[in-house]
Amino acid sequence: MKVISCVLTQHNMWLVLLAAIMCIVGMLASVQLWQRSLVAIGRSRVDWCFLTGVTAGSAIWATHFIAMLGYEPHAPVTFDPQLTIISIIIAILGTTIGFWLSGSRNRFIAHVAGGATIGLSIAAMHFVGMFAYRVDGFVMWDDLYIAAAIAMSVTLSVATTAIIKSEQSGPRYRRAAQATATFVAGIVALHFTAMAAFSVSPLRGVSIAADSEAFGAMAMAIAVVALLIVFTGMSSHLIDGRARIASQNELLHIATHDELTGLANRRQFKEILREQCEEFEFGHTGPFTLMMIDLDRFKPVNDTLGHSLGDLVLHKVARRLQKVLDPNDHLARLGGDEFAIICAETRDTSQVRLKAGQIVEMLSRPLIIQGHLIELGGSVGIASAPKDGASFDDLTQNADIALYAAKAAGRSTFQLYQPSMSEEILVRRSLEADLRRAVNREEFEVYYQPQTDAKTGAFTGAEALVRWNHPERGLLSPVIFIPLAEELGFIGSIGSWVLKKACMDAATWPAHLTVAVNLSPIQLLDRRLVRIVKNALAEANLPAHRLELEITETSLIGNDVQALAVLNELRELGVSISLDDFGTGYSSLSYLHRFPINRIKIDRSFISRVPNDPDSVSIIRAIAQLGTSLGMKITAEGIETDEQRVFSAGGGCDHLQGYLISRPIPYKQVACLFAEAVLQKPAA
Amino acid sequence: MHRLIYTSVADIERDGASLHEETRKIVAISATKNKERELTGVLLLVNGTFIQVLEGKRENIEDAFETICCDLRHKQIKVIELEPAKGRLFANWDMAFVGSTNEPTQLHVNRDLQHIAVTIDARPAQALRQILQLVHLPHD
Ligand SMILES: Cc1cc2nc3c(=O)[nH]c(=O)nc-3n(C[C@H](O)[C@H](O)[C@H](O)COP(=O)(O)O)c2cc1C
């Protein structure tokens, strides 16, 4: 075989070896990059193809050039620099295009056009390189070998492309190895077959052989540069791979973690708890505990200090909670101000209690953020497996029930689940359902408690009080259902219904009588309130001055600005405002002076202690004096005895209300009472 | 420049270590940490109650307070005061320490500490003055 003898006899074996190493290393790297380019999309596909082309092209060219330097034609040799450069460019650009074509979805284009382009550019590079090879001798080309060389290059390149693109299963590296081997085979076959096509007979008289020492140095230099290019290409691939793994891990982290606190999120929490339940079921783990945690008073912090500060609070709370955890505990943020802890190993209840106590203690510690002192608190509900259930649903449900109980017990405490808690919740749930129905069916009634002038004893009006006419439980006092209605968000609709009804009823009373209606703090924050009041007055055709709205101090504390705006608007309508339950809150009268208040109703707790309790006596006197000096009217509530009536009238109160005068009575009765009084008055 | 005053209740018996020994450790760590944060102040220990004053940049006080609040060796942390201050009262101390003991010679110190503990809530300014006197007292 001419090709083999060409390799063996006409080449410097050291340089051939160097070329072989160059080729194998270069193709190994190129195949990796090629595979990477195939999964790249968009603009980055072009970049990856180019990087592959630069790496493969340089390696192939270097292989070729080093091998050619190893060729010993026994004649002086020089290189044409321009053609040499062109041959590199052909190698790089040609393969780049081939790699790009190989990414086509069309198999024919990918395999045949892509592979052939690669094979042809390698061949073109080789022959252009050979033209740059200037040898002082008689050069002859064998057409048959040339054709064979090109055919082999194209065939093996197409084969390489097919291997790379094949979707056969099996380890990736095996396919990469196969592709590398085929690629290398194509390059080697081309080179030596083409060299076999080439023969030089030295010109007579010129017998200086090629300077093999200088060629050796040149070959080394080219190898070093080409390997540098190859390693650079390879390392970009590795960096990219690492970055991709990192970003995949990051994506996984984002999907399973809460962005704000870095804790596990609800999804991850569910997974961990499910796993824990399974492990327990199979006996791999012992008892474990679920704690549900809710922050107390977080919402007002968020509302008043802003969300970004609220976020900082949650972040710090999460850090603090982590201090209480044991290594096997999982802390998750379920959303909002809800957290959960899964304690993987639970020895006994005393250990659970200790930890829960520490959590409550931690959450009750003050926070200082950007100069704000923030006092939160936290309630904890605890369910332990297997005592309180061993399934995901049972545990979460029971921990939630315990949490609910902890909140009902006054917050900032923890509660271990107890079966009786479920019953209490059931009772409440049914009351909730009843209330929902009551709102729809308007199962409410308005009762009226008359008020009199302290001096003359004549009626001045009445306070409207809502009652719930429960089908089974009879008439229910607002004390029972108003807090529930506030929590469930029904207070607005119940409140407007009462307001409407009271205005309608009062419109039928004698014109000098007023009606007082209670406003819950939630209603006072409702932007629609002023319009609702206006409509109620208009519908009933009741003059605004006959309506009095009663608010409590708690409505004013904390949201004074908004409350002030609403109250001013109501005052402009002509409605009067009275302050209910006065004396039970913290506010001083001078603070309340800022608000447009017409009347103060002294709380029944003071009235019930007069005239015997000197403290109550002096408080009532002081309130009455100061209130009067600020231009407010004073009502004494809860008058039950004649002594109380006499004292209140003498102590400076303008109006009286209480059982002594009348209990709250239905509309029909109060209407009669008022009508009679009007009839009697002229007679008296 | 801000000043923070807070009180808390020691929760150290649980670890079995003696209260005073552990407190010495806390003071030593606090002193190094506070130097880094350019904080100065004092820690008092009165019958199991800590009273601490910290002064320095507000952010640094907040950082230190956060680590203090992560510490389970005390409980019932209550902020008495966090206010802007004109200057440092305890400029010479990264963390001074005064604790009540059974030493007969320390009777007056014990009495002062008691008084401070009782009044700090209602009259922080007055208590602070008294703390200052206590710290500047020549110790032997
Ligand atoms: C009563 C008490 C006072 C403390 N005072 C400080 C203090 O002033 N500065 C401080 O850095 N750490 C103080 N610590 C200690 C911190 O809580 C914490 O243990 C220490 O700074 C070590 O922090 P590290 O866990 O971040 O290393 C105090 C701890 C307690 C119990």
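Modeller: Let us begin with the largest cavity, to whose lining H16(A) gives the most, with four residues. Please bear in mind that this is a predicted model.

Biologist: What makes the space in question a cavity, and what is its volume?

Modeller: A cavity is a space where a 1.4 Å probe fits but cannot get out. The structure holds five cavities of 30 Å³ or more, and the largest has a volume of about 70 Å³. Two or more residues of the lining of the largest cavity come from each of H16 and helix H18 (529-540) of chain A. Among the lining residues are A:Gly492, A:Ser496, A:Leu499, A:Asp526 and A:Ile532. By class, this lining has four nonpolar, four polar and one charged residues.

Biologist: How much space lies in the largest pocket, and why is it called a pocket rather than a cavity?

Modeller: The space in the largest pocket is about 950 Å³. The word pocket is used because the set of points is open, whereas in a cavity the probe cannot get out. Of the 36 residues that line the largest pocket, A:Glu463, A:Leu465, A:Pro478, A:Asn518 and A:Asp580 are the closest to its centre. The elements of chain A that supply at least two residues each include strand E13 (459-470), helix H15 (478-488), helix H16 (491-507) and strand E17 (576-582). Sorted by class, the lining has 16 nonpolar, nine polar and eleven charged residues.

Biologist: Why is A:Ser157 called buried?

Modeller: The relative accessible area of A:Ser157 is 3%, and buried means under 20%; A:Ser157 is therefore buried. The residue belongs to helix H6 (residues 143-165) of chain A.

Biologist: Which residues is A:Ser157 in contact with, leaving aside its neighbours within four places in sequence?

Modeller: They are A:Gly115, A:Ile118, A:Gly119 and A:Ile122. Contact requires heavy atoms within 4.5 Å. The C-alpha atoms of A:Ser157 and A:Ile122 are separated by 9.3 Å, and these two residues are 35 apart along the chain.

Biologist: How do you know that A:Arg320 forms a salt bridge with B:Glu66?

Modeller: The closest N and O atoms of A:Arg320 and B:Glu66 are 2.8 Å apart. The cut-off is 4 Å between a side-chain nitrogen of Lys or Arg and a carboxyl oxygen of Asp or Glu, so the pair qualifies as a salt bridge. Side chains of opposite charge can pair when their charged atoms come close. Over all chains, the structure holds 34 salt bridges. This pair crosses between chains, from helix H11 (residues 307-324) of chain A to helix H2 (residues 58-69) of chain B.

Biologist: What makes A:Arg320 and B:Glu66 buried?

Modeller: A:Arg320 has a relative accessible area of 2%, and B:Glu66 has one of 12%. Because buried means under 20%, A:Arg320 counts as buried, and so does B:Glu66.

Biologist: How many salt bridges does the rule find across the interface of chain A and chain B, and how much area do the chains bury?

Modeller: The rule finds two salt bridges across that interface. Between them, chain A and chain B bury about 1,400 Å², 61% of it on carbon and sulfur atoms. On the chain A side, A:Arg365, A:Pro366 and A:Ile368 lose the most area to chain B, together 39% of what that side buries. The contact takes 14 residues from chain A and 17 residues from chain B.

Biologist: Why does B:Arg58 count as partly exposed?

Modeller: B:Arg58 has 22% relative accessibility. B:Arg58 meets B:Glu62 in a salt bridge (3.0 Å, N to O), and both lie in helix H2 of chain B, four residues apart. B:Glu62 is buried, with a relative accessible area of 8%.

Key: Residues numbered from 1 in each chain as written. Chains lettered and ligands numbered in written order. Predicted model: local features only at pLDDT ≥ 70, side-chain atom pairs only at ≥ 80, totals over all residues. Heavy atoms only, no water. 1 Å grid on protein atoms, 1.4 Å probe; cavity = no way out; pocket = protein on both sides within 12 Å on 5 of 7 lines; lining within 4 Å. Points joined across faces, edges and corners; volume = space filled by probe spheres on them. Nonpolar A, V, L, I, M, F, W, Y, C, P; charged D, E, K, R; others polar. Buried < 20%, exposed > 50% of the residue type's maximum accessible area, 1.4 Å probe, protein only. Buried area = accessible area lost by both parts, 1.4 Å probe.
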